[in-house]
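Dear colleague,

Please find the structure below, handed over for your further work.

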2 protein chains.
Amino acid sequence: MSKAVANVNSQVQVVLDELQRKSISNIFFIACGGSSAIMYPAKYVLDREATKLVSDLYSSNEFIHRNPRQLGEESLVILCSMSGTTPETVEAAKFAKGKGAYTVALTNEPESPLAKNSARFLKYEWGNDVNAFDTNLGVLYQLVFGVLHVVENNEKFVRLVTSLENLQAVYEKALQQEAENAKVFAASHAKEPVIYTMASGANYGVAYSFSICILMEMQWIHSHAIHAGEYFHGPFEIIDEKVPFIVLLGLDETRALEERALSFSKRYGKKLTILDAKEYDLAGIDEEVKGYIAPLILNRVLRKYAEELAEARNHPLSTRRYMWKVEY
Amino acid sequence: MSKAVANVNSQVQVVLDELQRKSISNIFFIACGGSSAIMYPAKYVLDREATKLVSDLYSSNEFIHRNPRQLGEESLVILCSMSGTTPETVEAAKFAKGKGAYTVALTNEPESPLAKNSARFLKYEWGNDVNAFDTNLGVLYQLVFGVLHVVENNEKFVRLVTSLENLQAVYEKALQQEAENAKVFAASHAKEPVIYTMASGANYGVAYSFSICILMEMQWIHSHAIHAGEYFHGPFEIIDEKVPFIVLLGLDETRALEERALSFSKRYGKKLTILDAKEYDLAGIDEEVKGYIAPLILNRVLRKYAEELAEARNHPLSTRRYMWKVEY
């Protein structure tokens, strides 16, 4: 591996060095909720790029009980929990280790049970002021493209890392560009009882995260992330002039699905909020990885939409009635 | 292969015979909407049983555009469309064939474009009067367990086929047992604007199908199939005494997830509808495959719930405003 490609998080580099001495044939992406959602684009990357590595993505407790037969000594298990205390994910790390897998955990807390129960951990940063390179999505991509480079000699690693280095500036411009739109969305949706999200490909996880974490969990608004390809095989019958949809348009190979779903929605729906990655200034993002980077930008912009919605509804994003408050 | 295991659909047998001469390393389950949902349990089976075969499941158009790099001459692509005319699925069959994959389509229409554009087709029967053995789910399981038998010498094939032969009687008893419950559900939920479904493991696809095909498509009721393991990482904040949930309890290894989700829901929710496969008489279903068969039973029983709901709401299951009526 040339020096030029080594400009990643130093903990990621340790993992990549260790991988040189291992034989890995499959990867499992294991986490819960929002931490699971960040892994959907990584699965998309592997499907598109990997010539031999196979991958699956499961919610932590499903993973343990499903107990995939091919989990073993040739497995790399990538886990994530911000606090590093998510019980199911800590259990999943122990479970995978017991099967002989190589476990790598992403967490904000180096002293957490998840970090301690994984072969390696990668610390990521959290919050609105953190550089894109150091977030959960940024660190995960460094790892995933690094693995593809080490195991399969995939050449996109350098392009990806350079693009991640330039991503923060893209975020800032996109956020400025969307500032007013986010306020308009918040004001017009403050009283909606149901808000759907829709996307496909690398972007579906972003829609999923917004639906289950922001809308259902943090705002108690009914929601569902509809896959733009599945839309025409059931869900589209729900849309009419009163039903709000947030439609994401990314830059990956499935964009045609999102465009088609949007086009139909425009004919029969009235309450559409469209986030289109094509509208953003992507200076510094390599053409070859734009489709993979788009979900990160959409995700960052949607966080602003979430904050404005919470403000307009006077329902802070930190409000919970059950999570961390009652037994479950 | 012994004669004892050959008691499958004769078209399935032809495919299994052909597979003896092929080298298959991965399987793609490709369909849209309800036809895709029937494949979720099959993916669960492969994850649990396959020692070498890997598998993925994608909505047809996502599959084409995602263009998985490992799709090729060692791929078995299993597709499904009742009418055999679903444009994305027909395209997916052509696309997979172009990549050198072996394509097998399930359809009710032997003369359909899907049947004609696949290497082999398997005709299945459709409707309430059809034997469980001959339905889409029944034929798909004959194929999947058959593939596991031929390619990996998996021993559950005979048990599964025998269980499928005995399944219709199980359906009939379960339907009788649930007849009154289905009416109660329908009457009490006729005016609900939102109904969630929840399940995990082999049963998640059944919840997904009920949400997107029955509730959203056929009844225009807001819905979302929540994964029972993800529930505690976001979605559970939505439940209160006014929000209805249909909770499925299967018999597979993930039942603990469904039980935990139900237990929490009972504490904070009031409008719970519980379908528990443990309550049914499973005479004739082999112990070793009960977990795999449970989603088929839950699916059949839920069809009755759907019919009663449609009746109570005076909104026939055949009602559409867009599907097959407008351009999309």
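In this predicted model, 72 residues of chain A are in contact with 72 residues of chain B. Putting the two chains together buries about 6,200 Å² between them, and carbon and sulfur atoms account for 52% of that area.

Polar interactions across the interface were also counted. Between chain A and chain B there are 49 residue pairs in polar contact, where both residues have pLDDT 80 or more. The side of chain A that touches chain B draws two or more residues from each of the following elements of chain A: the helices α2 (33-37), α3 (40-49), α4 (60-66), α10 (204-219) and α11 (255-268), together with the strands β2 (54-59), β6 (194-199) and β7 (222-227). Of these, α11(A) supplies the largest share, with six residues. By residue class, this side of chain A consists of 31 nonpolar, 21 polar and 20 charged residues.

In one salt bridge, the side chain of Arg260(B) meets that of Glu88(A), with an N to O distance of 3.0 Å. This pair joins two chains, because Arg260(B) is in helix α11 (residues 255-268) of chain B and Glu88(A) is in helix α5 (residues 87-98) of chain A. In the other, the side chains of Arg66(A) and Asp47(B) form a salt bridge at 2.8 Å, N to O.

The relation between the two copies may be of use when you set up calculations.

Finally, a word on annotation. An unreviewed UniProt entry lists residues 15-153 of chain A as "domain: SIS". In the model, this span is 43% helix and 20% strand, and the C-alpha atoms at its ends lie 16 Å apart.

With kind regards

Definitions and conventions
Residues are numbered from 1 along each chain as its sequence is written. Chains are lettered from A and ligands numbered from 1 in the order in which they are written. This is a predicted model: local features need pLDDT of at least 70, side-chain atom pairs count only at pLDDT 80 or more; totals for chains, interfaces and linings use all residues. Side-chain values use heavy atoms; hydrogens and water are left out. Contact means heavy atoms within 4.5 Å. Buried area is the accessible area (1.4 Å probe) that two parts lose on being put together, summed over both. A salt bridge is a side-chain nitrogen of Lys or Arg within 4 Å of a carboxyl oxygen of Asp or Glu. A polar contact is a pair of N or O atoms within 3.5 Å; within protein, one must be able to donate a hydrogen and the other to accept it, and residues adjacent in sequence count only if both atoms are side-chain atoms. Helices (H or I, at least four residues) and strands (E, at least two) are DSSP runs, numbered from the N terminus. Ala, Val, Leu, Ile, Met, Phe, Trp, Tyr, Cys and Pro count as nonpolar, Asp, Glu, Lys and Arg as charged, and the others, Gly among them, as polar. UniProt positions are given in the numbering used here, feature names are shortened, and annotations may be inferred rather than shown by experiment.
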